[in-house]
Every structure is written in C-alpha cells, then in structure tokens.
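Here is a short report on one protein structure. Look at the sequence and the model, then read on.

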Amino acid sequence: MRISTLIENASPRLAKRNKTQAALPRRDEITPQSTGANDCAESRLNPITGDWTIFAPHRGARPDQFGTDQRVPATSKVDCPFCAGEEHTTPPPTWVAKIIADDSFQVLLPSGADTATPPAPISDWSVRVVPNKFPAVTATAEDADENASSKRVHPLFQNSKVIGGHEVIIESPNHVQSISELDLPEIKLMLVAYQQRLKHWRNQRGIQYISLFKNVGGDAGASLQHSHSQLLATDQMPNSVENINERMRSHQARTGCCLQCDIIRAELKQKQRIVAQTNSLVAYCPYASRLPMLLRVTTRDHVDHFDLLSFEVLDDLARMIKRMTGWLESLVPNASYNMLLHTRPPGAHGNSEAFHWSLEFFPRISRIAGFEWSSQCMINTVLPELATEKYRKCAAAENPRLVL
Ligand SMILES: [Zn+2]
Ligand SMILES: [Zn+2]
C-alpha cells in the first residue's frame, strides 16, 4: 500500500492562487478549520494504483510563517509556539531533555511517562517532543479494533482510519531555523530524541512504518520557521517502502550480504562519489540519485535500526550533519532543504541483515513536473559525480589537509 499524503503545502498554494483567481472557492471553503487535535485522518485506497492517500483536512488550518518566502531573515520575529516560554501553546510533551555539559544531558521526561497525570510544565529544556497540533494521523487502539472488524461498504471505495501518531521534535529553545544554527550538543540531543521516539513507536501495537524527516524552508514543506523535525508512525506500509524492503531482502537472500554494505564497499573502491569519511561514517552522492545534490550518509558497520547506534556514532553523525548543512548552505544560500531518515520499518520482513539505516539530505532546487508525476520516474539535472565534486570542494575548504 502506498501512502501519498496531501499533508504538505497544498493549502498555502491554493490560498495564493485564490488571490488572483476570484472564481475559485475561498481557502476556508477548501480547507475547513480544525475541529480539534483529535480529528482522525482517513486513508482511501486508489483501486487503479493500489496506493493509499491520507486525507487530513484539518491540517489546512495550520499557520504558515513562510508565505512566498523560502527562508525568512533571522531578524523577522514571529509568534512562535516552539520558542522557550511558549510551552503552554503546544500539546503536553512526550519526551524532554536538557543539555548539562557538552557531552552529557539529562532526560527530564522519558518516553512512556504516565500521560494520565501530566507532569508539571518543564520550562528549562534543550529538546522537547510534542504531539503535532495538526496531526496527519492520530488514532487510538479502539480505532484499530474498529478497523479490524469493519466491513468494507464497496470494494471500489475502501477506506480506513490511519492508526499511528504524528510528533514534532523541537530542537532548540531558541528561535533558530536551520541545523547550521544549532550547536553540536543540540544536534546530538536531537538524534537521541529520534532514537527514543523511534524505540517508543516501534513497540506500539500495529505500527508498520515510521517516517522521520525534517523540512527547512517553505519549498521543503515547512509551515513553521523554528528548527524542528517530525515523526509520523502509521499502520500502513507505503508501496515504495515495501518495494525497498523487498529489494534489500532479496539481495540479502541471494548473496548473503546487506545491499547497503555492498554499495558502500563498491563506492569506497570506486571513490568517484565519496564526499567524506570518518571512522564510523561514509557520506556519498548515490550513483542514481533521484534529486540534484542529494547526499546520503550511513555507517560503515552494518546497523539496521537507527535507534541501535551508539553515542559515539551519534557524536560522529552530529558533526557530519552540521558539516553537510554548512556545505549545502554555502553552495545554495537560503535554500530550502529536507533531511530524511531511513530506518528499518517495524513491519519489514527478513533478518537483521536485510535492512541498513541511512540518512538523506537534499536542497529543494528542482520541481516535480508532468513527466515525473505521470511516470514516477525522476529527471535529475545534476550528475552525482558533479555534486560530489562540489561538496568535496566545500569539505576541502573546511580542512585543506583532508585527503580522501
Ligand atoms: Zn521559535
Ligand atoms: Zn549493511
């Protein structure tokens, strides 16, 4: 089942168009206001493609701090629900931690804390995780039971409540917009928060897939400026993810090796697309990147679940992510960008060798046009070998003594 969500950007773009096309309905007619955070998303099956689409009309009521801008100057202060002092404007947190020193932190609210009796508000924090106020998916165990027992009204009009959760990881109490403005302990704590919430969600009943991503700038799909990531856990495995699972599983069954480990070995041997290496990590531009300037980073050692990485590797990864953001922002100033974390989906079959985590990072400098929409086949205007050359120049400028 593929989930093609309409959760990002659709409404602001419709709103912009409405200014010039008076005959079209007003935004509030297209995107009704939320009736509350518990509005339940509905998923519908396209019988022609086999894809599921999540409908979350209440997300149309989200604030949009970008409008037509991609990145907003740091000086233009807005009312921000993610800044320190505004904790009362978000739903109660599910995880909170504070940096004590450069290499230590304290968890103030652990995953799985009793939410029936909310703890006293925590005002002194470094990273906090809260349920999304405008969730794309949210449902309870009762909804899961209802789904399991419900009878389909018509075989061509199948629908289902999407069971899962949608959370926001707020990465700093300060109003910063990009990873490059976070310091290393903050980035590392952000990665710890990823691990803690991935662990939590993969142990919830029925969860098949967890998407963890970051949108920076309007073109990347962000609606709020303040630096944050999102986690979306669902009981439906998207078609494209199932396809990846199957390819990794069959490669492992055929060769006895992990596909990602084999790719890293081949890339390191060829050297053409390697951008940076550390003791634990390899960053490279994949041979068949679907998007311009896409960078992928993963561990040399085989690890399937991201939440199994050690603190030492997280430390290394925090440094690499900060460097990658710096390179991207020097090559494409003010670019919107996305960061996607691929980790073993809870619903994936096969042994632990059949999936290998990775993180992808790319600027939003291309648009998806008619051919791509019609074929799902991307046209990339930048060869990964050229992208590698550009990133290597940035890496060399950081440290001219560094030789690949
Ligand atoms: Zn803020
Ligand atoms: Zn591997």
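## A buried histidine

Helices are DSSP runs of H or I, at least four residues long, and they are numbered from the N terminus. His251 sits in helix α5, residues 239-255. This is a predicted model: local features need pLDDT of at least 70, side-chain atom pairs count only at pLDDT 80 or more, and totals for chains, interfaces and linings use all residues. Residues are numbered from 1 along each chain as its sequence is written, and side-chain values use heavy atoms, without hydrogens and water.

Is His251 buried or exposed? His251 has a relative accessible area of 12%, so it is buried (under 20%; exposed is over 50%, partly exposed in between, with a 1.4 Å probe and protein chains only). Leaving out residues up to four places away in sequence, His251 touches Gly256, Cys257, Cys258, Leu259 and Asp262. Contact means heavy atoms within 4.5 Å.

## Two cores

A nonpolar core is a set of buried Ala, Val, Leu, Ile, Met, Phe, Trp, Tyr and Cys residues joined through side-chain atoms within 4.5 Å. The largest one has 55 residues. Leu191, Tyr194, Phe306, Trp327 and Trp357 have the most contacts inside it. Domain 1 (2-240) and domain 2 (256-398) both give residues to this core, so it lies between them. The domain bounds come from an automatic or database assignment.

## A partly exposed methionine

Met378 lies in the loop between α8 (370-375) and α9 (384-398). Its relative accessibility is 31%, so Met378 counts as partly exposed.

Notes: Chains lettered and ligands numbered in written order. Helix = DSSP H or I, 4+ residues; strand = E, 2+ residues; numbered from the N terminus.
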